[in-house]
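Q: Can you walk me through this one? I'd like to go through the sheet, the helix packing and the core.

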Amino acid sequence: MPSKPEPVAIYIEVGAKRTFASAVDWPGWSRGARSEQEAIAALASYGDRYKAVVRSAATEFTAPADASEFKVVKRLKGNVTTDFGVPSLGLPSDGEPISASELERLARVLSACWDAFDRAVKSAKGLELRKGPRGGGRDLDKMIGHVMEADRAYMAQLGARPPKAGAGRPIRPSDLHDAMLAAFRARVRGVPFAEPRDTKKPWTPRYFARRVGWHVLDHAWEIEDRAIRT
């Protein structure tokens with residue numbers, strides 16, 4: 001009889017209107033809903049989609065059969081950002097040291113999240129994106145720009161300045177991603193940033209990885225779900 005898999009550690013961020021369930025060790029695997037039960041169920045339902053994202057970067061990942069394979073390790077009181085629809089809180093344990101092997105695993109997972117977004121964009125080129133019930137929702141080009149601007153802001157929250165465009169040469173997503181990973185590694189290793197920024201309350205590397213991964217995958221999956229394919 002096969003042994004039962006180790007439970008997946010998750011934490012819950014409970015706002016007045018919105019709740020998020022997030023995997024502690026798997027950046028990008030975070031889902032929101034109106035209640036804790038619904039958020040945990042949503043997280044479980046996205047297990048296979050997340051596995052498709054990280055399968056080449058983290059072969060050890062196993063999607064849970066259902067929500068019973070989760071272990072809630074912490075519940076946090078959310079804030080206005082939570083209710084806006086963003087997982088905005090890290091864990092008290094996020095400040096603990098990150099080993100060299102764990103650092104590289106997290107970097108691979110982040111790269112896999114960006115790759116998933118790029119694939120979603122490529123597959124949706126030339127397609128119309130389904131509008132929301134009130135006609136809302138960004139088109140593809142605006143979503144690409146939004147994700148890049150958010151990544152720049154997230155890098156700044158780590159305490160590093162994002163790269164600037166040169167004369168006649170815009171910043172490519174790959175350039176920004178390389179700079180973000182370099183800053184991420186520097187912060188974990190405790191070495192100075194190439195271009196430091198005076199960030200009053202910088203994010204921890206673990207929260208940075210979760211927040212970046214969540215935002216990129218949230219929009220990658222949105223593109224996949226909204227693309228109208230005939």
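This is a predicted model: local features need pLDDT of at least 70, side-chain atom pairs count only at pLDDT 80 or more; totals for chains, interfaces and linings use all residues.

Q: Which residue in β2 stands opposite Tyr 11?

A: Ser 22 stands opposite Tyr 11.

Q: What is the strand order of the open sheet?

A: The order is β3-β2-β1-β4, 4 strands with mixed pairing. β3 (30-33) and β4 (70-77) are the edge strands, and each pairs on one side only. From one strand to the next, the twist averages 20°.

Q: Which strands does helix α1 lie across?

A: Helix α1 (residues 36-45) lies across β1, β2, β3 and β4. Its direction is at about 40° to β2. Helix α7 also packs on the sheet, where α7 touches β1, β2 and β3. The direction of α7 makes about 70° with that of β3.

Q: Switching to helix pairs. At what angle do the axes of α5 and α7 cross?

A: Roughly 175°, with the axes of α5 (residues 140-158) and α7 (residues 205-226) coming within 10 Å. Because of that angle, α5 is roughly antiparallel to α7.

Q: Which residues make the contact?

A: On the α5 side they include Leu 140, Met 143, Val 147, Tyr 154 and Leu 158. On the α7 side, Phe 208, Trp 214, Val 216, Ile 223 and Arg 226 are among them.

Q: And how many residues of that contact are nonpolar, polar and charged?

A: The contact of α5 with α7 divides into 13 nonpolar, 3 polar and 4 charged residues.

Q: Now the core. Which residues in the largest nonpolar core touch the most other members?

A: Trp 29, Tyr 50 and Phe 208, out of 67 residues in that core. Phe 208 is also one of the α7 residues in the contact with α5.

Q: Which elements give two or more residues to this core?

A: They are β1, β2, α1, α2 (47-54), α4 (100-124), α5, α6 (173-189) and α7. The largest share, 13 residues, comes from α4.

Q: Back to Tyr 50. What does Tyr 50 touch?

A: Leaving out residues up to four places away in sequence, Tyr 50 touches Trp 26, Pro 27, Gly 28, Trp 29, Phe 61, Val 109, Leu 217 and Trp 221.

Q: How many residues are in the second, separate core?

A: That core has 5 residues, including Tyr 11, Val 24, Leu 76 and Leu 89.

Notes:
Residues are numbered from 1 along each chain as its sequence is written. Side-chain values use heavy atoms; hydrogens and water are left out. Axes are lines fitted to C-alpha atoms, for helices over the stretch in contact, and angles run from 0 to 180 degrees between N-to-C directions. Angles under 35 degrees count as roughly parallel, over 145 as roughly antiparallel, 65 to 115 as roughly perpendicular and the rest as oblique. Contact means heavy atoms within 4.5 Å. Ala, Val, Leu, Ile, Met, Phe, Trp, Tyr, Cys and Pro count as nonpolar, Asp, Glu, Lys and Arg as charged, and the others, Gly among them, as polar. Two strands pair if DSSP finds at least two bridges between them. A nonpolar core is a set of buried Ala, Val, Leu, Ile, Met, Phe, Trp, Tyr and Cys residues joined through side-chain atoms within 4.5 Å. Buried means under 20% relative accessible area, exposed over 50%, partly exposed in between (1.4 Å probe, protein chains only).
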